[in-house]
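Let's walk through this model together, one chain at a time.

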Amino acid sequence: MRCKTSIPILVADDDMDDCEMIKEALQASRLLNEVQFVHDGEELLSFLHRQQKLSTQANNLLPGLILLDLNMPKMDGREVLKEIRKSPELQSIPIIVLTTSKAEEDIMRSYNLGANSFITKPIEFETLVQVMRDLGRYWFEIVELPDCKLSEG
Amino acid sequence: MKKLTKGLPSKDLSLLMSAIDEAAIVAVTDKSGTITYVNKKFCAISKYDEEELIGKTHRVINSHHHPKEFFIEMWKTISSGQTWEGEIRNRAKDGTYYWVNTTIVPFMDADGHPEHYIAVRYEITERKLAEEQLRIYAKKLEISNQELQDFASVAAHDLQEPLRKIQSFADRVKLKAKDSIPEDALDYLIRVQASAKRMQTLINDLLTYSRVTTQAKPFSPVSLEQIAKQACSDLEVRIEQGNGKVIFKNLPTIEADSTQMHQLFLNLLSNGLKFHKAETPPVVEILAEVDESTNSGKSAPSCKLFFKDNGIGFEEKYLDRIFTIFQRLHGRHEYEGTGIGLAVCRKIVDRHGGTITATSQKGEGATFIISLPIKHHQGA
């Protein structure tokens with residue numbers, strides 16, 4: 001079992017302002033986990049596959065949580081969600097969709113494709129900090145996360 | 001056919017032939033396809049004289065619309081002694097095209113070899129053109145629906161993103177600098193935020209409007225009584241806060257998109273509740289009239305719904321305006337809203353093949369009248 005604060009969070013978002021904002025909000029929420037960023041769906045997949053290859057029994061390098069934007073270039077969030085849920089090595093990673101949209105069809109579709117949560121990006125920074133704090137508390141304190149590498153043997 | 005002609009005396013046979021000549025386009029060919037007989041109707045539609053056709057094959061009127069295989073298949077059928085039926089496009093002498101439904105009956109000799117063929121045709125050009133027109137319309141509709149879908153996605157994502165950022169960064173400036181910037185600058189910032197928020201509401205409303213088309217679900221039996229109950233429970237807080245009342249009973253069940261019926265009721269009820277007189281608590285009454293009669297044979301059974309309120313009403317000269325998207329009769333400071341509610345109502349009613357209108361007098365309340373078919377024939 002990994003130490004909770006050493007479990008990295010991966011943010012997939014093409015919008016640099018949003019990445020910056022999420023980073024600051026995570027800091028402000030005092031979440032100690034390392035945060036990594038990718039900026040499109042293809043980059044996200046190749047990052048995950050690379051981390052998966054580099055991981056060992058003792059040292060799991062896969063992110064413990066993915067914050068996924070839906071609208072991204074090259075391969076959008078929906079496609080990448082589908083790919084991750086199809087991959088035996090990656091499918092157990094919790095994915096939180098964090099997007100501008102609150103369209104019903106986006107919400108429905110994300111859950112159908114296997115998202116664990118759907119969050120509309122808050123407008124106020126304070127709210128974003130609160131969301132990050134709650135996410136951190138929920139996923140790293142309340143919930144037991146799968147240890148992807150171990151479960152795959 | 002062979003048996004029939006055999007059994008008939010030759011006088012009756014010629015009567016039969018003249019009857020068919022009157023009714024259809026007829027041609028007779030020998031076994032190789034060379035035309036040996038054409039009737040008047042054949043000449044009229046093809047615009048060729050009899051002499052121009054006798055001794056030729058049907059290639060004269062070939063429109064090159066059908067692939068070779070089409071005719072190979074046809075010949076295979078009739079030369080084996082079977083009747084062939086199909087729709088063919090032909091070319092008349094003047095270059096115009098016409099469509100015929102064609103039945104070719106082979107007549108065999110004693111050895112079972114085809115001796116001659118009789119082709120009986122009916123013109124179907126009009127139907128074919130109508131079908132073609134329908135295909136074009138369907139294609140156009142598909143394209144415009146796709147565009148609407150794209151637009152909806154643009155509105156949901158691409159337009160919202162920069163807008164959210166305007167709000168976010170204005171919020172952060174406010175947070176960081178509220179003690180260090182002058183009061184009027186802070187006020188400008190608040191105005192920026194308010195405008196961005198309004199823009200966001202407009203985009204969302206536009207999205208709601210386009211969803212009537214893009215998120216349309218098939219029709220199924222919907223109890224409007226249930227829909228009204230749901231809508232009331234959704235509006236419970238607003239009804240209670242305004243001391244309002246919604247009255248309805250015995251609403252019918254009709255074939256409809258239940259999500260859209262819910263939205264229709266929600267919009268009309270909240271409209272009635274919103275535009276109430278300052279001193280009078282709002283009362284909205286829903287009445288239904290079912291018209292089962294199909295006496296004219298044309299009009300299917302329909303129902304009329306009346307949403308009657310005791311609110312401020314409106315002048316009927318604005319009737320067209322109120323159902324148009326983003327059209328409002330009041331300033332934003334008087335009544336909130338973007339002017340989307342009734343536009344969505346009309347779009348929903350249109351999709352259900354119904355009508356929506358209203359009667360009102362300023363200060364005398366308003367009644368919205370919706371007429372909807374009870375049943376829909378396939379598709380919709």
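Among contacts in chain A (heavy atoms within 4.5 Å) between residues at least 6 apart in sequence, 69% join residues at least 24 apart. In chain B, 61% of the contacts between residues at least 6 apart link residues at least 24 apart. Before going further, please note that this is a predicted model, in which local features need pLDDT of at least 70 and side-chain atom pairs count only at pLDDT 80 or more, while totals for chains, interfaces and linings use all residues. Residues are numbered from 1 along each chain as its sequence is written, chains are lettered from A and ligands numbered from 1 in the order in which they are written, and side-chain values use heavy atoms, leaving out hydrogens and water.

Let's stay with chain A. You will find 6 helices and 5 strands there; helices are DSSP runs of H or I with at least four residues, and strands are runs of E with at least two, numbered from the N terminus. Following the sequence, the pattern of chain A reads β-α-β-α-β-α-β-α-β-α-α. The C-alpha trace of chain A spans about 40 × 30 × 25 Å along its principal axes.

Now move over to chain B, which has 13 helices and 12 strands. Its radius of gyration is 34 Å, well over the 21 Å that the globule rule gives for 380 residues, so chain B is more spread out than a compact globule. The box filled by the C-alpha atoms of chain B is roughly 105 × 55 × 35 Å along the principal axes. Buried residues make up 39% of the 380 in chain B.

To find your way along chain B, use its domains: domain 1 (2–123), domain 2 (126–215) and domain 3 (218–380), with bounds from an automatic or database domain assignment. The C-alpha centres of domain 1 of chain B and domain 3 of chain B are 61 Å apart.

Methods
The radius of gyration is taken over C-alpha atoms; the globule rule is 2.2 Å times the number of residues to the power 0.38. Buried means under 20% relative accessible area, exposed over 50%, partly exposed in between (1.4 Å probe, protein chains only).
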